[in-house]
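I opened the file to look up surface patches and aromatic contacts. My notes follow in the order I checked things.

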Amino acid sequence: MSASVDRFDERARREADRVGRNVVHRGELLRHPVYTRVLHWSVAIAFILSLLSGFAIYSPWLFRFLTPLFGGGPMTRLLHPWFGLFFEVFFVFQFLNWFAPMAWTAADTRWLKRMRRYTTNEDNMEPEEVGFFNGGQKAYFWAIVLSGVLFLITGLLMWFDNVVWRWLVAVSYVVHDLAALLMLAGFIIHIYEGTAAIPGTFGAMTNGTVTEKWAWTHHPAWFRAVTDRNPREAYEREKRRQVVRARAMESWEREQDTRENL
């Protein structure tokens with residue numbers, strides 16, 4: 001299965017690259033090609049539409065504010081399952097795209113044990129065994145997989161509620177809502193980590209590139225794999241460069257102070 005997935009993914013990447021472009025500047029690395037970025041934003045848009053329309057149906061208070069976005073209550077009710085279906089279709093392709101790099105390893109288990117250090121930024125760079133995705137990203141991905149399966153099963157049961165037992169439909173409503181809350185919590189964390197928490201991450205999903213510093217700071221093993229360079233040496237080199245730059249700035253400021261005092 002893995003080999004078939006890899007072949008399909010490679011073909012899809014080549015076809016997408018014919019339409020879009022990957023522009024990598026000096027000091028940058030290509031992290032997400034066109035195909036991955038298109039899938040990511042397709043999944044995100046479908047999820048947001050599903051979330052907003054679902055909340056409009058779920059809450060009487062939100063019904064007043066959200067249903068006008070979709071043309072009223074009946075139209076919102078009609079569109080919500082289709083938004084969910086689009087999410088499922090796009091996510092299947094994203095699952096195939098990330099199936100290999102999202103495989104769980106012992107390094108990911110160790111990462112979860114030190115997650116507190118990660119969230120508080122206690123380390124200047126991640127452990128050198130952290131690859132393309134860290135343990136937190138993989139945990140979020142597999143949570144989406146679980147939620148997606150639950151969405152699909154319970155959504156179909158609610159959509160065709162006239163052909164199944166009523167108690168099964170009732171249970172489906174509860175499970176569907178719990179899966180949505182799980183996805184929402186992960187989505188909020190995902191947005192925070194991809195923007196304010198780790199600057200430079202958002203650009204990887206817009207122009208597809210990250211700086212080399214970002215790579216060896218957050219994903220050292222991936223940096224080593226794509227550059228054949230030691231991430232620790234890159235970190236030490238950058239630290240020395242920062243010291244030299246700070247000393248040069250101090251020297252320049254002293255010179256300016258001396259000139260002003262003359």
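I started with methionine 75, which is found in helix H4, residues 73–98. The model is predicted, and I read every value below as computed from it. Methionine 75 comes out as partly exposed because its relative accessible area is 36%, between the limits of 20% and 50%. I then looked up its surroundings on the surface: Met75 belongs to a nonpolar patch with Leu78, Trp82, Phe86, Val89, Phe90, Val92 and Phe93. Together these residues have about 700 Å² of accessible area.

Next I searched the whole structure for aromatic pairs and got 21. I noted tryptophan 41 with phenylalanine 202, an edge-to-face pair at 6.0 Å centre to centre with 75° between the planes. This pair links distant parts of the chain, 161 residues apart. Tryptophan 41 is in helix H2 (residues 34–58), and phenylalanine 202 is in the loop between helix H8 (166–197) and strand E2 (209–211). I logged tryptophan 41 as partly exposed at 32% relative accessibility, and phenylalanine 202 as partly exposed at 44%.

I also noted phenylalanine 95 with tryptophan 142, edge-to-face at 5.9 Å centre to centre and 80° between the planes. Phenylalanine 95 lies in helix H4 and tryptophan 142 in helix H7 (residues 135–159), so the pair ties together parts 47 residues apart in sequence. Buried or partly exposed, I asked of phenylalanine 95? Phenylalanine 95 is buried, with a relative accessible area of 18%, whereas tryptophan 142 is partly exposed at 31%.

Last, I checked arginine 31. Its charged end sits over the ring of phenylalanine 133, 5.7 Å from the ring centre. The charged end of arginine 31 also sits over the ring of tryptophan 222, at 4.9 Å from the centre.

Technical notes:
Residues numbered from 1 in each chain as written. Predicted model: local features only at pLDDT ≥ 70, side-chain atom pairs only at ≥ 80, totals over all residues. Heavy atoms only, no water. Patch = residues over 30% accessible without salt bridge, like charges linked within 9 Å, V, L, I, M, F, W, Y side chains within 5 Å. Areas by Shrake-Rupley, 256 points an atom, 1.4 Å probe, with all protein chains shown as cover. Salt bridge = Lys/Arg side-chain N within 4 Å of Asp/Glu carboxyl O. Helix = DSSP H or I, 4+ residues; strand = E, 2+ residues; numbered from the N terminus. Buried < 20%, exposed > 50% of the residue type's maximum accessible area, 1.4 Å probe, protein only. Phe/Tyr/Trp six-rings, centres within 6.5 Å; stacked < 30°, edge-to-face > 60°. Lys NZ or Arg CZ within 6 Å of the ring centre and 35° of its normal.
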